[in-house]
Amino acid sequence: MEPHYFNVDVNWKKDRLGEMCSPELNLETNNCIEIATPPEFPKGMPGKWSPEHLFTAAVNSCLMTTFLAIAENSKLEFSSFSCKSKGKMERVEGKYLMTEIVLEPSVTISDAKYKEKAERVLQKSEAACLISNSIKSKITMVPTIHIA
């Protein structure tokens, strides 16, 4: 496979606030988002996406998109997928690091006989997620399978 490039542009607006856009996305629909230093740091801004949120979101959304592809290829029938995530930031040897991402995916299937298959698809998805495989943070997954 040839390399792929994903472009993101960031522009500072004021104080600790900026705006992030991608020229690859439809800018007419205002797909830009405001980003800021999180409130845990001096002059941080509450209520704005931070790099730490985006880092955690990248792992979470990668799990979902990988799950969708593997579930389709595995012919797993499910009626819903959602995932809560929590990124842990710590100071280690004088540097701030995102040390762990906890993923809590929830999948709803129609019959208990598909539970093991759903669990396998989730495990394969976590192992194949390119974002998880690209970072050094510990990834912890705590899945829940619902029968409805």
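Which residues have the most contacts inside the largest nonpolar core? They are Phe67, Leu76, Phe81, Leu103, Val107 and Leu122, in a core of 19 residues. A nonpolar core here is a set of buried Ala, Val, Leu, Ile, Met, Phe, Trp, Tyr and Cys residues joined through side-chain atoms within 4.5 Å. Buried stands for under 20% relative accessible area, exposed for over 50%, and partly exposed for what lies in between (1.4 Å probe, protein chains only).

Before we go on, please keep in mind that this is a predicted model: local features need pLDDT of at least 70, side-chain atom pairs count only at pLDDT 80 or more, and totals for chains, interfaces and linings use all residues. Residues are numbered from 1 along each chain as its sequence is written, and side-chain values use heavy atoms, with hydrogens and water left out.

## The core and helix α1

At least two residues of this core come from each of α1, β4, β5, α2 and β6. These labels follow DSSP runs numbered from the N terminus, with helices being H or I of at least four residues and strands being E of at least two. In soluble globular proteins, nonpolar side chains tend to be buried together.

Leaving aside neighbours within four places in sequence, phenylalanine 81 is in contact (heavy atoms within 4.5 Å) with Leu63, Met64, Phe67, Pro105, Ser106, Val107 and Leu122.

Helix α1 covers residues 51-74, which makes 24 residues. From first C-alpha to last, α1 reaches 34 Å, close to the 34 Å expected at 1.5 Å a residue; the expected span is 1.5 Å times one less than the number of residues. The buried residues of α1 are Thr56, Val59, Asn60, Cys62, Leu63, Thr66, Phe67, Ile70 and Ala71. They pack against β4 (80-92), β5 (95-109), α2 (115-128), α3 (130-134) and β6 (138-141).

## Cysteines

The whole structure holds two disulfides, each a pair of cysteine sulfur atoms within 2.5 Å. With bonded cysteines counted along the chain, the pattern is 1-2, 3-4.

Cysteine 21 and cysteine 32 form a disulfide with sulfur atoms 2.0 Å apart. Cysteine 21 sits in strand β2 (residues 17-21) and cysteine 32 in the loop between β2 and β3 (33-36), so this pair ties together parts 11 residues apart in sequence. The torsion about their S-S bond is about 115°, so the disulfide is right-handed. Cysteine 21 is buried at 15% relative accessible area, and cysteine 32 is buried at 17%.

The other disulfide joins cysteine 62 to cysteine 129, at 2.5 Å from S to S. Cysteine 62 belongs to helix α1 and cysteine 129 to the loop between α2 and α3, so the pair ties together parts 67 residues apart in sequence. Cysteine 62 is buried at 7%, while cysteine 129 counts as buried at 0%.

What about cysteine 83? Its closest cysteine sulfur, in cysteine 129, is 10 Å away, too far for a bond. Cysteine 83 is buried, with a relative accessible area of 18%.

## Salt bridges

Side chains of opposite charge can pair when their charged atoms come close. The structure holds three salt bridges, each with a side-chain nitrogen of Lys or Arg within 4 Å of a carboxyl oxygen of Asp or Glu.

| Salt bridge | N to O distance |
|---|---|
| Lysine 13 and glutamate 34 | 2.7 Å |
| Glutamate 34 and lysine 48 | 2.5 Å |
| Glutamate 90 and lysine 88 | 3.8 Å |

Shared partners join Lys13, Glu34 and Lys48 into one network. Lysine 13 is partly exposed at 40% relative accessible area, as is glutamate 34 at 27% and lysine 48 at 30%.

## Positive phi values

Most residues other than glycine have a negative phi, and most peptide bonds are trans. Aspartate 15, which is not a glycine, has a positive phi of about 45°. Aspartate 15 is found in the loop between β1 (9-14) and β2 and is exposed at 58% relative accessibility. Glutamate 93 also has a positive phi, near 50°, and belongs to the loop between β4 and β5. Glutamate 93 is exposed, with a relative accessible area of 80%. Lysine 75, which follows α1, has a positive phi near 55°.
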